[in-house]
Amino acid sequence: MRLETLAIHGGNVVTDSEKPAIQPITLSTTFVHQEDSMIYSRANNPNRAALEGLLAKLEGGEDAAAFSSGNAAGVSVFQALEPGSHLIAPDDMYHGLRNAITQLFAGVLEVTFVDMTNLDEVESAFRSNTRLVWIETPSNPLLKISDIAEIARLAHDKKAMVACDNTFATPVFQNPLRLGADLVMHSSTKYFGGHSDILGGALITKTKNAFWEKIRNVQKVGGAVPSPMDCYYLCRSIKTLPYRMKGHADHAGQLATYLAQHPAVEGVYYPGLIAHPGHHIAAKQMSGFGGILSFLVKDGAEAADRVISKLHYFTNATSLGGVESLIERRAASEGPDTKTPPNLIRVSVGLEHLEDLLEDLDQALKD
């Protein structure tokens, strides 16, 4: 099946004897003991099994594991590493997961944060105990582009694994497993959910190996799993994912072009712009450039806040990937330890009419 067909039919596993056209929601937390059956919903559930099967197919992996949040998915990878392991992570990454590494695993794991766009810096960061390289591309919020294939080559030469956060690109635009990554991570809260009303996370593995079994055990024993309702709604939302992503990317590209020419804007971060330093690599490993962009407003944080306060169709809120446009001054959300420029505005470009979005930005950027 091609992507659009797979998104619609790949997660529709009918388990009801009445054969409904759409998989029912199985709310039971326990199941009758019988050979090869599910036992307890924390361990497995028909709706979660359907979602995991769909995610594995979308990313081209052997298996997938669904979690209650993106952070829970990422943390399960770190939990599966042996204590004392060293990991290499990007200097620009989702601050919630960065906090998980530095706070929850302080004294347990060693970490080096590097500029993933600099392959020499990545290579020099390896140690004898390096077990994992974590990639986030495009990154949050600076939209840095990492060369997945080259980093995977470096890591595998050192007998280390590669995990890639593919949340911004989704499998519609990027397939890290096919580029050499061993694991793919998603915050399914974002584009998979697509409507800002589902919390979830996911991991997909290229192969079912011993490390994957450790992750599965973290999922089962730790119990940070999504509810049957969440799994059902994620399968439903993914049916429209390919078409939503095309709309998000089209709008983001046009807004980025507009902002790049605006006199009140200091700079724009969007890999679809030819001037973006990662554009060549993005064009090589992505089929589209995504729906997220960031830009710098001249005259600092106060000017950026004024722009946001004047907008009508962009909701000033954290998160991304919904059909509605969301905007925020990212440093204000990340807190006092942020490394994000104070005048940077991150935009999750929605599916409103493009001219409405352009007109809204235009009036907000005027003095």
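This is a predicted model: local features need pLDDT of at least 70, side-chain atom pairs count only at pLDDT 80 or more; totals for chains, interfaces and linings use all residues.

With which side chain does the side chain of Asn166 make a polar contact?

Author: The partner you ask about is Gln174: its side chain and that of Asn166 make a polar contact at 2.8 Å. Asn166 itself sits in the loop that runs between strand E5 (161-165) and helix H7 (170-173). Asn166 counts as buried because its relative accessibility is 0%, and the cut-off for buried is under 20%. If we set aside neighbours within four places in sequence, the residues in contact with Asn166 are Glu59, Thr137, Pro171, Gln174, Pro176, Val184, Met185 and His186.

The largest cavity has about 40 Å³ of space, and its lining includes Asp91, Asp92, Asp115, Glu136 and Lys144. By class, that lining has 5 charged, 3 polar and 2 nonpolar residues. The second largest cavity also has about 40 Å³ of space. Among the residues that line it are Phe168, Ala169, Met286 and Phe289, and its lining divides into 7 nonpolar, 2 polar and no charged residues.

Finally, there is the largest pocket, with a volume of about 330 Å³. It is lined by 21 residues, of which Asn71, Tyr94, Asn140, Ser187 and Lys190 are the closest to its centre. By class, the lining of this pocket has 10 polar, 6 nonpolar and 5 charged residues.

Definitions and conventions. Residues are numbered from 1 along each chain as its sequence is written. Side-chain values use heavy atoms; hydrogens and water are left out. On a 1 Å grid over the protein atoms alone, a cavity is a set of points where a 1.4 Å probe fits but cannot get out, and a pocket is an open set with protein on both sides within 12 Å along at least five of seven lines; lining residues have an atom within 4 Å of a point. Grid points are joined across faces, edges and corners, and a volume is the space filled by probe spheres set on the points. Ala, Val, Leu, Ile, Met, Phe, Trp, Tyr, Cys and Pro count as nonpolar, Asp, Glu, Lys and Arg as charged, and the others, Gly among them, as polar. Helices (H or I, at least four residues) and strands (E, at least two) are DSSP runs, numbered from the N terminus. Buried means under 20% relative accessible area, exposed over 50%, partly exposed in between (1.4 Å probe, protein chains only). A polar contact is a pair of N or O atoms within 3.5 Å; within protein, one must be able to donate a hydrogen and the other to accept it, and residues adjacent in sequence count only if both atoms are side-chain atoms. Contact means heavy atoms within 4.5 Å.
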